[in-house]
Amino acid sequence: SVTALCEDRDGHLWIGTQQDGLFELIGETAGHYTKARGLLDDSVTSLATDSQGFIWIGTKAGLNLATGRDFRALTTREGLSDSLVSGVHVARSGTVWITTRAGMCQFVNGRLVQYAFQTDSQGRSPEYLGAYEDRRGNLWAFGDTYLINLATEKRFNYFRGTEAASVRIWS
């Protein structure tokens, strides 16, 4: 199952899968990367590319950074808030935002820095599923049933419903 897609600056399509690792499609040729080739886990949860052409790979066991030569591993030892990465977002400002089951961090000056905020979650779970920086520089975070504008530190909306799957925010 495909879980994430990303196109790099060279036009290569990166394809994350649920259990078969990462594929890089270059024209008609596909490269295949797995734990055996340097990924932290064969379950890819998210993908993003930055202005340097690096590929950020969220997995269930941490974060990989593909630099063109190898895969750099970033885990809880390096400051990741949890091993399960739910999302990676590279903002227009260049900031890389990483969300996990336990919180959110950003990649600053070559290292992971925690980004704490209060969700006041009324939802089923305090999971941090994703982050997004809009064109005005406002940072948004969303979880299972909440959306927060972190620039104002206030909840934008709360979604309620009787069927859990129908009200969950996914992206």
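Strands here are DSSP runs of E at least two residues long, numbered from the N terminus, and two of them pair if DSSP finds at least two bridges between them. With that in hand, welcome to a predicted model, where local features need pLDDT of at least 70, side-chain atom pairs count only at pLDDT 80 or more, and totals for chains, interfaces and linings use all residues. Residues are numbered from 1 along each chain as its sequence is written, and side-chain values use heavy atoms, leaving out hydrogens and water.

**First stop: the sheet.** Select S5, S6, S7 and S8: these four strands make an open, antiparallel sheet in that order. Colour S5 (44–49) and S8 (71–74) next; each is an edge strand with a single partner, so one side of each has no neighbour in the sheet.

Now move to S6 (residues 55–59) and S7 (residues 62–66), which pair in the antiparallel sense over five bridges. Pick Gly58 and you will find Leu63 of S7 opposite.

**Second stop: Thr17.** Jump to strand S2 (residues 13–17), where Thr17 sits. Is Thr17 buried or exposed? At 6% relative accessibility, Thr17 is buried (under 20% relative accessible area, with exposed being over 50% and partly exposed in between, using a 1.4 Å probe and protein chains only). Show the side chain of Thr17 and follow it to the backbone nitrogen of Asp20, at 2.8 Å.

**Last stop: a lining.** Finish by selecting Trp14, Ala66, Thr67, Gly68 and Arg69, which are the closest to the centre of the second largest pocket among its 18 lining residues (a pocket is an open set of points on a 1 Å grid over the protein atoms alone, where a 1.4 Å probe fits, with protein on both sides within 12 Å along at least five of seven lines; lining residues have an atom within 4 Å of a point).

Technical notes: Polar contact = N/O pair within 3.5 Å; in protein donor to acceptor, adjacent residues only side chain to side chain.
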